[in-house]
Amino acid sequence: MMVRKKTGADVLVSYPGRRWRRSAPNPLRRLWRVPGLLLHLLVAYPLAVWTCRGKAAPDALSYRAFAWWSRKAMRILGLRLRVDGVVPPKPALVVGNHVSYLDILALSTLIPGRFIAKKEMRDWPFFGIMGVWLGTLFIDRSDARASQRVIRDAAGILQAGTPVILFPEGTTSDGGSVGEFFAAPFEAAREAHADTVPVALRYEDVLHPGQADQRCPFVGDDSLLGHLWRLTAAAPLTLRVEFLPALAPTLKRRELAGEARAVIAQALQRMEQGASVTYLNPRRAHPIREAWSAWRSKHGA
């Protein structure tokens, strides 16, 4: 039997040119990011109506449209993806640590699947109505019967051949640690006899690989608009997405939750220890700059 070596995907990070030299927030970035984001939000509603509304469940066109919209939104905000590991080739329960609502945009560009989210998100501006149109399963953890119904629905979606994505912490964190995972949602993978694929998410400064960014986490008393306003001035960022080995559905749900949390925490620790970023476009040689650098080195300047 031939074993295929698992290799990471290409690093989706452009080389930081002169305009990316400074990693400090710059309000001038809002001059193009805010208008660009507003125009892109205006595109979202007609796009959602055209591809999602009136359907019993999202189809391939719905997923492709939202993936396209998410990629453009991340590009406007200066967010680039670095993907490591193997994206699940078959329907699976994908579970990750939760840092920001940007996690949803990032994973939707990689996996055409349905999300499980807390019921409060239904009332969020934009994300709520988009979540409904994209078939998001909203879970109320205070209602045991409703939660069980969502888990059964998720199992049915997996059996029908569509991945399901959730953040089992139930809340966001600062990206440096992983909270406890709720075990109940993992029952969906067991019922559907589907694998559970952990995924680690970490936001980093493009120019400082291995260092977690402190502006991306959506935590505490952050408001959606306030957080977006902060991001529009932020320096370009890298979101590292690492898909980890799948967990078999033969494990019990508490074992699945504990093992998934452990491997994600280990992956985040490896990222913190530092890993080099390979840029897609190498820096172009500049004769004058190279000659100046050589002269300074020769004369000890």
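1. In strand 5, Val164 is the bridge partner of Leu93, and the two strands concerned, strand 2 (residues 93-96) and strand 5 (residues 164-166), pair in the parallel sense over 3 bridges. Strands count as paired here if DSSP finds at least two bridges between them, while helices (H or I, at least four residues) and strands (E, at least two) are DSSP runs numbered from the N terminus. The model is a predicted one, in which local features need pLDDT of at least 70 and side-chain atom pairs count only at pLDDT 80 or more, whereas totals for chains, interfaces and linings use all residues. Residues are numbered from 1 along each chain as its sequence is written, and side-chain values use heavy atoms, with hydrogens and water left out.

2. The open sheet is formed by 7 strands in the order 1-7-6-2-5-3-4, with mixed pairing. Strand 1 (79-84) and strand 4 (137-139) stand at the edges with a single partner strand each, so one side of each is left without a neighbour in the sheet. On average, neighbouring strands of this sheet are turned by 25° against each other, direction ignored; axes are lines fitted to C-alpha atoms, for helices over the stretch in contact, and angles run from 0 to 180 degrees between N-to-C directions.

3. Helix 3 (residues 102-110) packs on the sheet, where it touches strand 1, strand 3 (114-118), strand 5, strand 6 (196-205) and strand 7 (237-243), and its direction makes about 120° with that of strand 6. Helix 5 (residues 144-159) also packs on the sheet, touching strand 2, strand 3, strand 4 and strand 5, and its direction makes about 155° with that of strand 4. Contact means heavy atoms within 4.5 Å.

4. The count of salt bridges (a side-chain nitrogen of Lys or Arg within 4 Å of a carboxyl oxygen of Asp or Glu) comes to 9. One of them joins Lys90 and Asp195, with the closest N and O atoms 3.7 Å apart; this pair links distant parts of the chain, Lys90 lying in the loop between strand 1 and strand 2 and Asp195 in the loop between helix 6 (187-192) and strand 6, 105 residues apart.

5. Glu204 forms a salt bridge with Arg202, the closest N and O atoms being 3.2 Å apart, and Arg202, Glu204 and Arg240 are linked in a network of salt bridges. Glu204, at 1% relative accessibility, counts as buried, and Arg202 is buried with a relative accessible area of 3%, where buried means under 20% relative accessible area, exposed over 50% and partly exposed in between (1.4 Å probe, protein chains only).

6. Arg270 forms a salt bridge with Glu242 at 3.0 Å between the closest N and O atoms. Arg270 lies in helix 8 (residues 253-272) and Glu242 in strand 7, so the pair ties together parts that are 28 residues apart in sequence. Arg270 counts as partly exposed at 41% relative accessibility, whereas Glu242 is buried at 15%.

7. The structure holds 4 aromatic pairs, defined by rings of Phe, Tyr and Trp (its six-membered ring) with centres within 6.5 Å, planes under 30 degrees apart counting as stacked, over 60 as edge-to-face and the rest as tilted. Tyr101 and Phe218 form an edge-to-face pair, 5.2 Å centre to centre with 75° between the planes, and ring pairs link Tyr101, Trp124 and Phe218 into a cluster.
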